[in-house]
Amino acid sequence: MSERAATMWEPEFESLTRDDLIGIQQEKLARLGERLAGSPEWVDHFRQGGVHPRDLADPQALAAVPFLEKSALRDRYPFPMLTEEMDKVERLCATSGTTGLPVLFGFTKDDLKLCARQVARQLYCNDMRPGDRGYNGFGFGLWVGGLAYDLGMAELGMTNFPVGPGRSELVVQWMRDMEWTFASVSPIFLATLVRTARENGIDPKTDWKLRSAVIGGQSVSRAFRDELESELPDGFRTYNTYGTTEAGGPVVSTTCRHSHELDEMHLINEDTILTEILDPDTMKPVGPGEIGEIVVTTLDKQASPVVRWRTRDLVRVSDSPYDCPCGRKGMMKIGRLVGRSDDMLKVRGVIVYPSQIEDVIASTPGAIKEAWQIYVDQLEQAPKKMTVAVEYAHGYNGSPDEFASGIERRLTSRLGLKVPVEACPEGSLPRYEAKAQRVLLRA
């Protein structure tokens, strides 16, 4: 078998059966409980559920552990639930802070090695190999994304060009001249790069050598993904990745060649991250084909572990979660993110996810798929008014009114709700280099 044909970076773990993976998780849970037993903060947190960290030696005890919420971490500012002395913390990362003060998480030397290994495993699953050239377009600073892919690309033996987001006119030229084969980038910014290339006389389909891209930071619809892939070199694939700062980085799940066709991801690091998919109302496990919230427990992280961290991100469990030709039959498959349990909109009694609106926009001829916005009249309560603004391309042949009314009809069919649509000329709506803020207040 050629190196490119091989599918696993660490087959001794990735090819394990589900029962074997559960056995590893249970052993590590017991060790995690011993570590947390030395932390007064963690002991106090467990006590709220009537349990003690050492109870994790019993596999059934995890279900009794209280969920960890961001408010609990903010209450313990500035270094919440830190389980190592600060002189052992080599690096700090933080949440985005879009809804309040950022929360800091520590990484020891071993934590950074763990992250490198987790990301290298994902990159190999994404068809990357030693010697490939990669553009790291994720953000740096305190955000974990850029750091994680720097570590993972080095671990795998790739050549890294850590430009970060922005500088699009330079990036599209370097993409051609340096023959980059890989990009880690938000899907919105990748779409912007494609458009910028064309504006600068570069054809991404023929002038770039990109073979794959890891798209993270936000979920996009399959229609968006398919259109993006069609504009890039033949055979190019976008591989979804998912993770959080609290989980240790963008390391929870990613896509293999086979699950890509189903728009699904493997929980690729289940030997180091225990993931539960729970009904956000009952907090009980959901089954195949059902939608649930991702809840994570980090099994190996030293400085800032989390136990039953509620991500608020909603995914659909695969109809066949343990059946993939790639051989990772013990690592559950999940779909792309469908929304967030705390960002879901309920408009006049109808539940709306921004991803549903994106599906419609991405499949609309003439629409700029990365340039759209939802405006609501209130954020703290269920909005009574919702308007969708969408850009139409310079070359769109119809009238703005026809463009808007066409999207309105498709939204009504998709949502069962009449939503006013504003047609905006190309370049008039906000652009996002990282995570897009799709819902904005406009009274």
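Let's start with strands β16 (residues 367-376) and β17 (residues 386-392): they run antiparallel and are joined by 6 bridges. Strands here are DSSP runs of E with at least two residues, helices are runs of H or I with at least four, and both are numbered from the N terminus. Two strands pair if DSSP finds at least two bridges between them.

Before going on, a quick note: this is a predicted model, where local features need pLDDT of at least 70 and side-chain atom pairs count only at 80 or more, while totals for chains, interfaces and linings use all residues. Residues are numbered from 1 along each chain as its sequence is written, and side-chain values use heavy atoms, leaving out hydrogens and water.

On to helix α5, residues 109-125. Its 17 residues reach 25 Å from first C-alpha to last, close to the 24 Å expected at 1.5 Å a residue, where the expected span counts one less than the number of residues. Of those 17 residues, 13 are buried, so α5 is largely enclosed by the rest of the structure. Buried means under 20% relative accessible area, with a 1.4 Å probe and protein chains only. Just after α5, Asp127 takes a positive phi of about 75 degrees.

Last stop, friends: Lys333, in strand β13 (residues 333-340). Is Lys333 buried or exposed? Lys333 is buried, at 3% relative accessible area.

Terms used
Buried < 20%, exposed > 50% of the residue type's maximum accessible area, 1.4 Å probe, protein only.
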